[in-house]
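Please keep the structure in view while reading.

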Amino acid sequence: MNSTRVFLEFLLFPGLLFTAAAGLLTSWVDRKVTAMVQMRVGPPLLQPFYDLRKYFIKETCVPEGGATGLFLLAPLIGFAGVTLASLILWRALLNPQVTFVGDLIVLVYLLMMPALGVVLGAFASRNPLASIGGSREIQLMIAYELPLVLVVLVPVIQAESIRLGDLVGGTPAATWSGALALLAGLACMQAKLTIVPFDMPEAETELTGGVFIEYSGPPLGVYKLTRAMMLFTLPVFLVALFFGGFVIGPGLAPKLWGLLAWFVLVALTVVIRNTTPRLRTDQAVKFFWGPVSLLALAAVVLAWLGY
Amino acid sequence: MGYTVNALTKSLNVFHLGGSACNNCDIEILDALTPRYDLERFGITLVGSIRHADVILLSGIFNKKARLRMLEVLAQAPRPFLVVAIGGCPASGLIFRDSYNFYAAPADYVPIDAFIPGCPPKPEAIISGVVTVIKALREGAMVPKCLGEPDRAGEMSPVPQAEGAA
């Protein structure tokens, strides 16, 4: 593995360009399904691309008295995190032999970076509404990270390996423990994407954009792109953990099953987003530390017992 | 210029700035953004922060106090952006013209790009007005007044310091 190839992989195929394009298309799916739920036509296919292009012609406003460097750097932290996460994930999916031991742990950490970047940017902007949004984001992170780690543990116990390449072959979703963990994982994914019912950091109606309130132009575009990429990558992560990924196995059928599972996960997320109201932060923490954690814990115990 | 206008008009984020209006125009604006008219077909979405705005919809006369806040908010908008006046009030003041708190019609001191007349204009009229603006921009018949070029930068920020603003 020479360095040019790694670099190209980072920039083009499973990395930056691929994830960005796929993420923007996923966010179109999100908006289109939303439109269908509301019985309207919805945006054209390329609308997310138009939106992104628009952000890059707009002026970048920097709030006076804020931490300018951190304010402008924060969007890039999450962007780099999700790009790397997607790269590691897709390399494992495409070629399970080349992965390294413990890449799953790296992946869980990298998928945390977008939320961290959002929090840093919010606090750096010196806007009271953004600060409230930032602190809500932190509380939400504290709430969902515990069940998420438990959820990730289930396939690890079943495959008895912490290497992503060993996990992508199996289908834990077909077992009791896997199904329960997947259910808890869906809730965690919803919160990790900070979409309704867990969108209190943004809270359009009360914080008018919350954590993003001071962002304009290219930095805002990078945030939107990061969110779109997360909307693509997190379902892929769950598909890799619970449905065996897209690429394993001979013939077209496993790929189509993987794609179907991915689409169902995305559609479920969007439908939940459109049919639930926003929870308060304390309700979200109770939800994740109560039922979701118990569910994930039960799944871990079941997996330990071999179900 | 062509690229900028094309990129801008394909994806418009609308920010609604109402001041001292009788509230009818505000209701019609909200109406125009409901699923019934589905403005997202054209990439038009409502945003809550002025930093995300591409189009600023003004409604109402903006009386002596609201006017100062409005100018402050307008000065925070990232360029290029459009200012569209909804209803007759921003153009002339209509029935509020002789009120004790009337300063001047916003048309006299805000760089408004387009007026959508009516008291209030129907959602169809608002959509038709926005479509006319987009067409005029793309054909080059109209240039956004707040493009953000350096020599124009000072033109837009008449945030008054005197008159006991703070």
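## An enclosed strand in chain B

In this predicted model, five of the five residues of strand β4 (residues 82–86) of chain B are buried, so the strand is largely enclosed by the rest of the structure. Burial is found on either side of β4(B): B:Leu82, B:Val84 and B:Ile86 point one way, B:Val83 and B:Ala85 point the other way, and all are buried. In a regular strand, side chains alternate between the two faces of the sheet.

## Partners of the strand

Which strands pair with β4(B), and in what sense? Strand β3 (residues 55–59) of chain B pairs with β4(B) in the parallel sense over five bridges, and within this pairing B:Leu58 stands opposite B:Ala85.

## Contact between the chains

The contact takes 25 residues from chain A and 18 residues from chain B. On the side of chain A that touches chain B, helix α3 (residues 47–55) of chain A gives the most, with five residues. By class, that side of chain A has ten nonpolar, seven polar and eight charged residues.

## A residue of chain A

A:Leu17 is found in helix α2 (residues 16–37) of chain A, and with 13 C-beta neighbours inside 10 Å this residue counts as partly exposed. When residues up to four places away in sequence are not counted, A:Leu17 touches A:Leu11 and A:Leu12. A:Thr83 is 66 residues away from A:Leu17 in sequence, yet the C-alpha atoms of the two are 9.1 Å apart in space.

## Confidence

For the model as a whole, the scores are ipTM 0.83 and pTM 0.89. Chain B has a mean pLDDT of 82, and 87% of its residues reach 70 or more. Residues 149–166 of chain B are a stretch over which pLDDT stays under 50, and for this stretch the model has 13 contacts beyond four places in sequence.

Notes
Residues are numbered from 1 along each chain as its sequence is written. Chains are lettered from A and ligands numbered from 1 in the order in which they are written. This is a predicted model: local features need pLDDT of at least 70, side-chain atom pairs count only at pLDDT 80 or more; totals for chains, interfaces and linings use all residues. pLDDT is the predictor's confidence in each residue, from 0 to 100. Two residues are in contact if their C-beta atoms, placed from the backbone, lie within 7 Å. Helices (H or I, at least four residues) and strands (E, at least two) are DSSP runs, numbered from the N terminus. Ala, Val, Leu, Ile, Met, Phe, Trp, Tyr, Cys and Pro count as nonpolar, Asp, Glu, Lys and Arg as charged, and the others, Gly among them, as polar. A residue is buried if 20 or more other C-beta atoms lie within 10 Å of its own, exposed if 12 or fewer, and partly exposed in between; C-beta atoms are placed from the backbone. Two strands pair if DSSP finds at least two bridges between them.
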